[in-house]
Amino acid sequence: MRNRTFTALVFVSAFALIGATLLVKNEFYFQAAYTVLQFVVLATAWNILGGYTGYVNFGTAAFFAIGAYSTVVLYNAFKAPLPLSILAGTIVAGLAGLGVGYLTLRLRGVFFAIATLALSVVLYTFVVNWDYVGGARGAYVLAPREVPFGFSRYTHLLYAAMVLMAATALAVARAVETSKLGRGLAAIRDDELAAEASGVPTLRLKLVSTTLSGALMGMAGTTFPCYLSFVEPSSAFSLNYAVNSIAMPLIGGMMSWLGPLIGALLLGIVQQVVQVSVRSEWNLLIVGALLVVFVTLAPNGIMGWVSAWRRKRI
Amino acid sequence: MEAASIELFVNAIVAGLLLGGFYAAVSVGISISFGMLDVVNIAHPAFIILGSYIAYTVNARFGFDPILTSVVLSPLFFALGLLLYRIYYLCFEKRGQESLRGLAFFFGVLFITEVTLVLIFGVDYVQARTAYTDATERIAGIDFPLRLVVPFFVSLAMVIGLQFFLTRTFFGRAVLAVAQDQLALRLMGVDPVRVKGLAFALSIATAGVAGALLIVILPVQPSIGREYIGLVFAVCVLGGMGSIWGTLVGALVLGTAESFTATFFGPSWAPAVSFGLLLATLAFRPAGLFGR
Amino acid sequence: MKFRSMLAAALGAIAFSTTVAAQQPLKIGFGMSLTGALAGNGKAALIAMEQWRDDVNAKGGILGRKVEYVYYDDQTQPASVPALYTKLMDVDKVDIVVSGYGTAVIAPAIPVMMQRNMCFMTLFGLNPNGKFNYDKYFQIMPAGPQPGVGWTQSFFDVAMAMNPKPKTVAIVGADAEYPHNALDGARVHIKKHGLKIVYDKTYPPNTVDYAPIVRAIQATNPDLVYVASYPPDTAGMIRAANEVGLKTRMFGGGMVGLQYASLRTQLGPLLNGVVNYEMYAPEVSKKFPFLEKIIGKYQERAVKEGVDPLGYYLPPYAYAMMEVLGQAITATKGTDQAKLAEYIHKTTFDTVVGKVAFAKNGEWASSRVLMVQFGGIKGNSLDEWKGPGRITVLGPSEYKTGNVRAPFQDNRK
C-alpha cells in the first residue's frame with residue numbers, strides 16, 4: 001500500500017472514530033479511549049527511535065512534560081486556543097528531540113538510555129523551580145466556557161484531538177518505515193559503523209529520528225493539562241509514561257508501525273479495565289503480572305508471533 | 001573564611017561522604033546486575049524495600065539489630081536472586097533476547113513486589129529502632145550522626161568485600177569474564193549461565209543489606225523504592241559500568257555534590273546538579289569515570 | 001457484566017420513578033489511593049468511611065435506603081482521576097460522589113463535577129477550588145475560608161505573642177504541592193507581622209540526609225523555623241535538627257506525619273519542643289465529645305490493615321464528611337444535587353468533629369487548625385500517646401491548654 005493511501009485510510013478511520021461522539025452518549029468510554037490513544041501516540045513515537053533506530057529512550061516522560069508545560073506557558077500567557085498549544089508543544093518537543101539527537105554522536109546503547117533519564121531528571125528539577133508554570137505547587141488550566149469546533153462536550157474535543165494525534169503518529173511512523181529514511185535507520189540499528197562506512201549519513205538520519213520521536217511524544221502531552229485541568233511536575237513526569245512507552249512496543253513488536261499500536265491498545269485497555277473492575281490493591285498486582293506474562297509469552301512481540309505463525313502456514 | 005563557614009564546609013564534606021556511602025550500598029547491586037551482566041533490573045530498589053521490611057519486622061518483633069539481621073538473612077535474598085535469574089534466563093536470555101525485554105519484565109516484577117509489600121505489611125511508614133538511631137558524636141564541631149555513620153561503614157565493608165571477591169577468587173573472575181567473553185569461559189569449562197545466576201543472586205543479596213541500611217536512616221513505605229531508580233542507575237554509570245570501585249567513587253561524588261548544593265545553594269537544585277554531573281561525565285568520558 | 005450493570009441501572013431509573021424507590025440502595029462513589037505514595041492516608045480514610053456506612057446501615061440506612069459504596073484505586077495517579085469519576089457517574093450511576101485524599105486527586109475531579117453539576121464533598125485538599133470557584137464544592141479540612149492562610153495562622157499568632165517578639169524567620173519545605181502552598185500561606189503572615197525572611201528554600205521529597213539543610217538554616221540564626229513537609233522528610237528534618245543541635249525559638253509548624261502513631265513512636269523524645277499543627281489532641285477531648293466513639297472501632301480495624309493505629313488525623317474528618325452528606329440527604333429527602341449544595345451551604349452540622357459550617361467558597365467557615373507543642377516524651381512506645389499528657393495546645397485560644405516553651409533547644413535537655 002502506498003503511503004498516501006495509507007495516510008488517507010488512517011485519517012478516514014480517525015474521522016469515523018470522532019464521529020462516534022455523536023452516537024455514544026457515555027463519556028467514560030471517551031475518557032478511557034483518550035488515555036489508551038495517548039499511549040498509542042507515545043508508543044509509536046518511542047518506536048521511531050527505539051524500534052527503527054535502536055536507540056533506547058528512557059526519557060519519554062520528559063518529552064511528554066515538555067508538551068504539557070508548553071500548553072501551561074501558553075495558557076498563562078494568553079489562554080492560547082488548543083490547536084495553537086498542540087502545534088507549539090510539538091515544535092518545542094521536536095527541538096528538544098533534535099538536541100538529544102546530538103547526544104547520539106558520543107553515546108550509544110545503555111549510555112544513551114541513561115543520558116535521556118538524566119535529562120529527564122534535570123528538566124524535572126527545572127520545572128519544579130519555575131514559578132511561572134506553578135513550580136511544585138502545580139498549575140491550573142481551565143477549560144473554556146464554550147466548547148469550540150462544534151463539539152457538545154470538552155471531553156469529546158480532547159478525545160477528537162487525541163484521535164487525530166494518534167492518526168498523525170501512525171502515518172508518520174509508517175512513512176518513516178517504508179521510506180529510504182527507514183532503511184537508513186534500520187542500517188544504523190543493525191550496525192552503525194558499517195552503515196557509516198557504506199555512506200549512510202548516520203548523524204543526519206539519527207537527528208531526523210530523534211526529532212520526529214520527540215515531537216510526537218511532546219504532542220501527546222499538549223492536551224494533558226486540559227484533560228486534568230491541574231498539572232503538577234510529578235504527574236507530568238510520571239514513571240508510567242517512560243515505562244509504558246517502552247513496554248508497549250515490546251509487547252506489540254518493534255519492527256513495524258503495527259506493533260506499538262497493538263501493544264498500546266492491548267496494555268492500555270487492560271490497565272483501564274483492571275483499574276475500574278478490581279477495587280483494591282490487587283489491580284496493580286494484576287497489571288504487573290500481566291506485564292510479566294505478556295513479555296514472556298511473546299518474545300518478539302505479538303507481531304513476531306503473527307509472522308512466525310504465517311511462516312509455518314506457508 | 002571565617003570559622004563558622006569553615007565548619008559548614010567541613011560538615012558538608014563529611015555529610016556528603018556519609019550519604020555517598022549509603023548510595024554505594026544501594027547501587028552496588030545494580031553495578032553487578034546491570035553493569036556486569038547486562039540485566040536491566042529496574043526492580044532492584046523494590047528488593048531493597050523488601051529488605052527494609054524484613055529487617056524491620058525482625059527488629060520490631062525480637063529487637064535484633066536490622067543490619068545484622070540482613071547479613072544473616074542474606075542467603076534468603078541470594079536464593080530469591082537465583083530463582084529470579086532462572087526465570088529471567090529461561091524466558092529471555094535463553095532465547096537470545098536483548099536486555100530491553102528484561103526491562104519490561106522487571107517493571108512487572110517491581111509492581112508485584114510493591115503490592116505484595118502493601119498486602120503483607122500495610123502502607124504505614126515504618127522505621128527500625130537501634131541503640132545508635134538517635135545518637136550523634138560531635139568531634140571538633142563536626143557532626144557524626146551514628147544512623148549514617150554505621151551504614152557508611154557497613155556499606156564500605158560490603159563494597160570492599162565484593163571488590164576483593166570479584167578480583168581475587170576464581171568465581172569472581174569468572175563473573176568479570178562473563179561480561180567480556182562468554183565463549184572463552186565456556187572453553188575453560190565454566191558454565192556462563194551458572195556464573196551469571198550466582199552473580200545476579202549476589203546482587204539481590206546486596207539489596208537485602210542495603211534495605212536494612214535504608215530503614216536505619218529513614219522511614220519507609222512500600223512505594224518509596226521508585227524514588228531510587230534514577231539514582232542507582234546514575235551512580236552505576238557515573239562510576240563506570242561494572243566497576244565496583246567506580247560505583248563507590250560515583251556514589252561518594254554524588255553524595256558530596258548533593259550535600260554541597262543543599263548547604264550552599266538550594267537543596268531543590270540538588271537533583272539537577274547530580275544528574276547534570278552525570279551528563280557532563282557522559283559527554284566527556286562516555287564510559288564513566290572508571291570505565292574501560 | 002457490563003450489560004447487566006447497565007440493565008440494573010436502567011431498572012433503577014424506572015424504579016425511582018415509582019414508589020419502590022425506598023428499596024434501591026443509595027450508591028456513593030469515589031476514587032481513593034490504595035496503592036502508591038498516599039495509600040496510607042487513603043486506606044485510613046476508607047476505613048472511617050466504611051465505619052460510617054455500617055453505622056448508618058445498622059440504623060436502617062438513609063431515607064430507608066441502604067448505603068452502598070462504589071470505589072476504585074486511583075493509584076495516587078492524578079491522570080486516572082477524570083476517567084474514574086466519569087465511570088462512577090456514567091456507568092455505575094452512583095447517586096453521590098465524594099473525593100479521594102489530597103489536592104492532587106481532588107483538583108482533576110472538580111471540572112468533571114462542574115460539568116455535571118454534582119455536589120462534591122472533598123477530603124483534605126489545600127484550596128483546590130481556588131481557581132475553579134465551583135459553588136457545589138465543599139471541603140471537610142478545617143483550614144478556614146483562606147486555607148493556606150488559616151493553616152499557618154496559629155503558628156505565627158503563637159510566635160508573635162512571645163516576649164521579646166521574634167524578628168527573623170526561616171521557611172523550608174518539600175518540593176510538592178502541599179508544602180509550597182503552606183509556605184505561601186506562611187509568607188502572608190510573615191509580611192503582615194513584618195518579620196524578616198533569612199532562609200527560604202525547598203528540597204526534593206526524596207532527600208536522604210537533611211543535616212546539610214538544617215545546618216544552612218542554623219547559619220542564618222533565625223528566631224523561628226517554619227517547616228512544611230511530608231512524612232519521610234518530617235522525620236528527616238527532626239532527626240537532623242537533633243543531630244545538628246538546632247538553636248531557634250520555635251521549630252515546626254506544617255509537618256505532615258507527626259499526627260500518626262508511626263512517626264510519633266519512631267521519633268519519641270526527639271519530638272520534645274517541636275511545635276506543629278494537629279487536628280485533635282486527647283488533651284482537649286472534652287471539646288470533641290463524640291470522637292471517642294468512632295476512634296475505638298477505627299483503631300481495631302487499623303491495626304489489622306496496617307494503617308495508622310491512632311487515627312486522630314484523617315479518619316474523624318472522613319467520617320464527618322460522610323455525616324454532612326448523610327444529614328443533607330435526609331433533610332432534602334433525596335439526592336437532588338442543587339438542593340444538597342444549597343442545604344450544606346446554609347446549615348451548621350453536628351458531626352464527630354464538632355459543629356461544621358461552610359463558607360461561601362466551600363471551605364470551613366472558620367479555621368480550626370490546632371497548634372500544639374510536644375513535651376515530656378520519654379520513650380518510643382505507643383502508650384505515650386494513648387492518653388493526654390504529651391501535648392500542649394497553644395492555639396487557637398478557645399482550645400489553649402498552655403503557653404509555648406521557648407527556645408526550642410531548652411526542651412531537649
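This is a predicted model: local features need pLDDT of at least 70, side-chain atom pairs count only at pLDDT 80 or more; totals for chains, interfaces and linings use all residues.
If one takes the contacts in chain A between residues at least 6 apart in sequence, 78% of them join residues that are at least 24 apart.

Chain B can be described in the same terms, with twelve helices and two strands, and from the N terminus on its elements follow the order α-α-α-α-α-β-β-α-α-α-α-α-α-α. The globule rule gives 19 Å for 292 residues and the radius of gyration of chain B is 19 Å, so this chain is as compact as a globular protein of that length. Along the principal axes, the C-alpha trace of chain B spans about 65 × 50 × 35 Å. Buried residues account for 60% of the 292 residues in chain B, and among its contacts with a separation of 6 or more, 78% are between residues 24 or more positions apart.

In chain C, attention turns to an open sheet of seven strands, which has mixed pairing and the order E7-E6-E8-E9-E10-E13-E14. Its edges are formed by E7 and by strand E14 (391-395) of chain C, each of which pairs on one side only. Averaged over the sheet and with direction ignored, neighbouring strands are turned by 25° against each other. Strands of a sheet pair through backbone hydrogen bonds, in either a parallel or an antiparallel sense. One pair within this sheet joins strand E8 (residues 224-229) of chain C to strand E9 (residues 250-255) of chain C, in the parallel sense and over six bridges, and here C:Leu224 stands opposite C:Met250 in E9(C). Helix H7(C) packs on the sheet, where it touches strand E6 (168-174), E7, E8 and E9 of chain C, and its direction makes about 165° with that of E6(C). Helix H9(C), for its part, lies across E6, E8 and E9 of chain C and runs at about 150° to E8(C).

Some of these elements return in the contacts between chains. The contact between chains C and B takes 37 residues from chain C and 36 residues from chain B. On the chain C side, helix H2 (39-58), strand E7 (196-203), helix H8 (211-218), helix H9 (231-244) and helix H10 (261-267) each supply at least two residues, and H9(C) gives the most, with seven residues.

The contact between chains C and A takes 28 residues from chain C and 29 residues from chain A. Here the elements of chain C that give two or more residues are strand E2 (67-73), helix H3 (81-91) and helix H7 (177-193), with the largest share, seven residues, coming from H3(C). The chain C residues that touch chain A comprise 14 nonpolar, eight polar and six charged.

Definitions and conventions:
Residues are numbered from 1 along each chain as its sequence is written. Chains are lettered from A and ligands numbered from 1 in the order in which they are written. Two residues are in contact if their C-beta atoms, placed from the backbone, lie within 7 Å. Helices (H or I, at least four residues) and strands (E, at least two) are DSSP runs, numbered from the N terminus. Ala, Val, Leu, Ile, Met, Phe, Trp, Tyr, Cys and Pro count as nonpolar, Asp, Glu, Lys and Arg as charged, and the others, Gly among them, as polar. The radius of gyration is taken over C-alpha atoms; the globule rule is 2.2 Å times the number of residues to the power 0.38. A residue is buried if 20 or more other C-beta atoms lie within 10 Å of its own, exposed if 12 or fewer, and partly exposed in between; C-beta atoms are placed from the backbone. Two strands pair if DSSP finds at least two bridges between them. Axes are lines fitted to C-alpha atoms, for helices over the stretch in contact, and angles run from 0 to 180 degrees between N-to-C directions.
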